Number of protein chains: 4
Amino acid sequence: MRVGVLTGGGDCPGLNAVIRAVVRKGVQDYGYEFIGFRDGWRGPLEGDTMPLDVKAVRGILPRGGTILGSSRTNPIKVDRGIERIRENLGKFEVDALVAIGGEDTLGVATRLHEHDVKVVGVPKTIDNDLNATDYTFGFDTAVNIATEAIDRLHTTAESHRRVLIVEVMGRHAGWIAIHSGMAGGANVILIPEQNFDVEEVCAWVDSRFRTNYAPIIVVAEGAIPLAGQMVTKDQTLDAFGHVKLSGIGDWLASEIEKRTGHEARTTVLGHVQRGGTPTAFDRWLATRFGFHAIDAVNAGEWGRMVALRGTDVVTVPLEAATRELKTVPPALYEEAKVLFG
Amino acid sequence: MRVGVLTGGGDCPGLNAVIRAVVRKGVQDYGYEFIGFRDGWRGPLEGDTMPLDVKAVRGILPRGGTILGSSRTNPIKVDRGIERIRENLGKFEVDALVAIGGEDTLGVATRLHEHDVKVVGVPKTIDNDLNATDYTFGFDTAVNIATEAIDRLHTTAESHRRVLIVEVMGRHAGWIAIHSGMAGGANVILIPEQNFDVEEVCAWVDSRFRTNYAPIIVVAEGAIPLAGQMVTKDQTLDAFGHVKLSGIGDWLASEIEKRTGHEARTTVLGHVQRGGTPTAFDRWLATRFGFHAIDAVNAGEWGRMVALRGTDVVTVPLEAATRELKTVPPALYEEAKVLFG
Amino acid sequence: MRVGVLTGGGDCPGLNAVIRAVVRKGVQDYGYEFIGFRDGWRGPLEGDTMPLDVKAVRGILPRGGTILGSSRTNPIKVDRGIERIRENLGKFEVDALVAIGGEDTLGVATRLHEHDVKVVGVPKTIDNDLNATDYTFGFDTAVNIATEAIDRLHTTAESHRRVLIVEVMGRHAGWIAIHSGMAGGANVILIPEQNFDVEEVCAWVDSRFRTNYAPIIVVAEGAIPLAGQMVTKDQTLDAFGHVKLSGIGDWLASEIEKRTGHEARTTVLGHVQRGGTPTAFDRWLATRFGFHAIDAVNAGEWGRMVALRGTDVVTVPLEAATRELKTVPPALYEEAKVLFG
Amino acid sequence: MRVGVLTGGGDCPGLNAVIRAVVRKGVQDYGYEFIGFRDGWRGPLEGDTMPLDVKAVRGILPRGGTILGSSRTNPIKVDRGIERIRENLGKFEVDALVAIGGEDTLGVATRLHEHDVKVVGVPKTIDNDLNATDYTFGFDTAVNIATEAIDRLHTTAESHRRVLIVEVMGRHAGWIAIHSGMAGGANVILIPEQNFDVEEVCAWVDSRFRTNYAPIIVVAEGAIPLAGQMVTKDQTLDAFGHVKLSGIGDWLASEIEKRTGHEARTTVLGHVQRGGTPTAFDRWLATRFGFHAIDAVNAGEWGRMVALRGTDVVTVPLEAATRELKTVPPALYEEAKVLFG
């Protein structure tokens, strides 16, 4: 049996750990051969491959990124995309595919499965917004990086008596915001699931200053204020007479300064949240995902993907990956609110 | 309502996060007053208390240890212990207790509950060996510390072509060993749940050296070899003519040297695994445990403790804490074995 | 002898370590009493003090920020400022002052010294741009934080084949940029000392991509392009129709995208560089600075400040702090350039 | 010109950074070719080489260990060792050598220089005990690892009210002990340069407990008590009836328990201090050492090695590496003593 492996979509700590586990177990327990496809679906689409054996995966467990490369190439949107992939799988004598990626990548896997390609999926989303699994690898790393940044900002907020805003990842779900905000002792946490009231945020800010401490606000990049609050006419140029696309964190800082008179500064963590070495939990989860994915190949569980339930790794249908977004439940946000202000 | 809080047993990152969450939510949502008992059960036994309010818990979220102090005092083994505690609770007008601790601490809580003391528990075990909950706080921190140590040892093992053994915590359960071993890419993992065969360990060591790499072995402090393998007559004195109690790691190193001829060195991580700032996950879990514990007080769920199930915090009977040890299941150890050698 | 202590200017890891060392050695070796002035020069100006003894400095060594608070209050710009400080020093029976701060804070100290106030200085600048000393505390921490961010960005740059730009602190000197850039393996480093040519930067970017790797650019916030290169007419609005002051990193990203066609993203590290726990080197240096400052008080070396020369702590005149900016020498920048592209 | 490179002696973070800088600058600025010798002097002795070009050094900057391997092979003690090396250098057409290593490695380099081999040295000692240079790479990493361990042990010492002893590296010099001890806020620091009085240590321990805190003792592995204090007759067997060579930390713990009645525990940090990714400072220093070493080759400065003086990298005669041990000066130890007890 020859198994193809590919990684698609955005960077995520743990991708290499999955690849290594798939290959190590596949070779040792099942005697499989492996072939790597480069840059996500671009690999099988264009027939771009690389050797993938036990030697190739040595030493990659602690490394961020993916030795297979990644891309957002979507064969569904490409002329004869699915067909060409099937042809290339045949050409390279690939019997089964392990596809590691997010909603888009696994969406293609689902389509291929419908066209009788033998495929097993491994879910990947740094945002943790996938309903089928309790957690995905990479999320714990992102939360720890954000928490460490919040830890550092506390002392600066204090000494300068400023509002410090940390903008973290999360376009559609506030998981990184709520986890890092609670872990870092933030005074306000704003998430995409609940439109926020700038007035209320300012009230929390004022209340925090009254305790003689300075507030830290964690805001998910996808958080938005109540309808009508984001009207801005006055445009400021930067030091170079240049104008830039900026995010919710910057907007919030300017609103808070305007409304409370307190200085406010924003730090946008950005890409540092998704690179570098994974935490122990993410390496553990990614490794177990890899083991169970190759077990699923061996068991012929085509069209399924691995998922974490409690402390167990199980398999679920690939469609589960794309069916529904996992958002922060209102009850959990209410829990966190006790610490606001 | 006045609520007493105490922390018992060994150090564990996250204790302060629990205390803070209990007090913050108790004050804000329920208007409770709090009183801290010092040094675990010694506090209520001897009437040793400290003030515990929102101000007292400021800034403690990221700090290791416990502001309440801890001890292994067991009132069950003390003359009139239970009775004296009940008297002191009356004297300090304490209506309910939140007891944070491990098997021993919660065992006392169970007994007090049987004597009509209103008590709610929060489980704590750095070893993660408590059956009632998926994880306990402190464990993730310990695993990350051990994993980081293993990461560092890899390069030294390579350059000196030595066997490096890391002895981690775990007297009765190998959770820290198996998690950090898998996360750190160890070549052998030995746990208390399965007696190991020194011959087999040496075979893995030899096999690893044949790949031109040097092996890392993670051994839980409670791991033991097969019956009959640990006969040692020859005693070595140290540099000072002094003889020391040493552990399984040291024993294993000397056996490997003797049997394979390869140099072997042991690092005993010891107390560094249980101190210092908690990881984001442990702060998150400890904070949520604190919230749900005070909710349980409010709901009158006496004799129960909080527990993690998947991503939910629930309550279970206090007896669940002491009923059964959660050990590493054989199937999980088999999973890990794929990476041995 | 009663000694007043104050910290002025921006946040910097190690301030607490200096305070602790001053107090611990002052009490133990010289039997001094101490008094803390709050918020830099605002403290002695307004007579705002706090107790400062061995107990007050317990546990603060590893903590960022300053227990004394800080401000940018400049008594020279305040009516009768110097006079009022002298009056308050008399009122609180303060015999000598230890002033910890940067150019501004030590400038005031110099002026007070000219007015016969007994003052000793401790230099502080996270930017390391002070000519009188080899290094100042806080700098090593900032460099490590920036380096860790660069480490994480490498894997993301690779997997997305994007230009990643990291904007670090340094308005007038590129020390953080050149140290973290060299330590992090950046492909281009831009510093305020040398105006950069955007064309040349784009050539390095192209050259890097030709090796099949993606480039990381570290840019000091004070770096500027050659005259004439920064003409921008086209202004972009952000997602909210809002326009923001942005920095050199954002400008550079948009220029690189325009000129090379490669995607470019900027991460502005900002305040995370100056908060949180100091590195071992910064704690060591800050502690030794504190020891030598109180020795200088004991020796009556008024109008002087401590400084690092090689591995020795010496004292130099306070004016040395403000006399001249220490910038990155051209020869050092040439050294670093070998790694560009 | 073809330049050979080798790394000898113990593991040390930064070795790869030196190799990378030597090769990158040598290729780019001087057009040199390179050849790697494996495992220190074993490489040129046995003619064991590996390719070494820009591609071979990609990505190694942040990695611990050495891609060239290392060993303690000493050709001086081998029959015709020096002669065989000269023959192999001729055979592989090596014009000059860059030797990276400690006292032993550089001692061989000195001897080769006397036999007209064109050699330049780069000093390496994790212990920082080399007189010719202010610091060597690897030392800052070791100090930070030890300091982080001490940070973590503080909370455990407090909660258990135990004496915690940390044994760090340093056979002949106490640099790691005094730096990490001061940075970590240790209550006692013991170094090889000054025999310690166990009675005095116990007095410090008692004094610390009287402040209601628990003591942390940092002891260099080479520290020794006053003559006559280390007489031990009573030998304890370990749990397995086995006796082990143990170090000064364990001896000290048992003495403190015997003399003060307080529980004492020792953590031996061991190999974790010398592996893994280097700190920013060590990467910076190692990179600059590499640059200046290849500059020295280009300048024909045979028989010299690079060294740090203040913030400058200079060259000094190779003999300077072996001439004299750099030990902790008594005055510095007196400084640190202020914090004891």
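This is a predicted model: local features need pLDDT of at least 70, side-chain atom pairs count only at pLDDT 80 or more; totals for chains, interfaces and linings use all residues.
**Exercise 1. Work out where Gly10(A) sits and whether it is buried or exposed.**

Start with the record: the unreviewed UniProt entry lists Gly10(A) under "binding site". Next, find Gly10(A) along the chain. It lies in the loop between strand S1 (2-7) and helix H1 (15-30) of chain A. Now check the accessible area: the relative value for Gly10(A) is 3%, and the cut-off for buried is under 20%. Gly10(A) is therefore buried. Finally, look at who touches Gly10(A), skipping neighbours within four places in sequence. From chain A you get Leu15(A), Arg72(A), Lys124(A) and Arg274(A), and from chain C there's His160(C).

**Exercise 2. Follow the chain into H1(A) and find how many of its residues are buried.**

Begin with the length. H1(A) has 16 residues and spans 22 Å from first C-alpha to last, close to the 22 Å expected at 1.5 Å a residue. Then count the buried ones: 12 of the 16 are buried, so H1(A) is largely enclosed by the rest of the structure. Among them are Leu15(A), Arg20(A), Arg24(A) and Lys25(A). What do these buried residues pack against? The partners in chain A are S1, strand S2 (33-37), strand S4 (96-101), strand S5 (119-123) and helix H9 (280-298). One last stop: just after H1(A), Gly31(A) takes a positive phi of about 65°.

**Exercise 3. Do the burial count for helix H6 (residues 175-184) of chain A, then list what its buried residues pack against.**

The count is quick: 10 of the 10 residues are buried, so H6(A) is largely enclosed by the rest of the structure. The buried set includes Trp175(A), His179(A), Ser180(A) and Met182(A). For the packing, take chain A to begin with: helix H5 (139-160), strands S6 (163-168), S7 (188-190) and S8 (216-220), and helix H11 (330-337). Just past the end of H6(A), Gly185(A) has a positive phi of about 70°.

**Exercise 4. Switch to chain D and describe the two sides and the pairing of strand S6 (residues 163-168).**

First, burial: 6 of the 6 residues of S6(D) are buried, leaving the strand mostly covered. Second, sort the side chains. Val163(D), Ile165(D) and Glu167(D) point one way, while Leu164(D), Val166(D) and Val168(D) point the other. Third, the pairing. S6(D) runs parallel to strand S9 (residues 264-268) over 5 bridges, with Ile165(D) partnered by Thr266(D). S6(D) also pairs in the parallel sense with strand S8 (residues 216-220), over 5 bridges, and there Val168(D) is bridged to Ala220(D).

Note on methods: Residues are numbered from 1 along each chain as its sequence is written. Chains are lettered from A and ligands numbered from 1 in the order in which they are written. Side-chain values use heavy atoms; hydrogens and water are left out. UniProt positions are given in the numbering used here, feature names are shortened, and annotations may be inferred rather than shown by experiment. Helices (H or I, at least four residues) and strands (E, at least two) are DSSP runs, numbered from the N terminus. Buried means under 20% relative accessible area, exposed over 50%, partly exposed in between (1.4 Å probe, protein chains only). Contact means heavy atoms within 4.5 Å. The expected span of a helix is 1.5 Å times one less than its number of residues. Two strands pair if DSSP finds at least two bridges between them.
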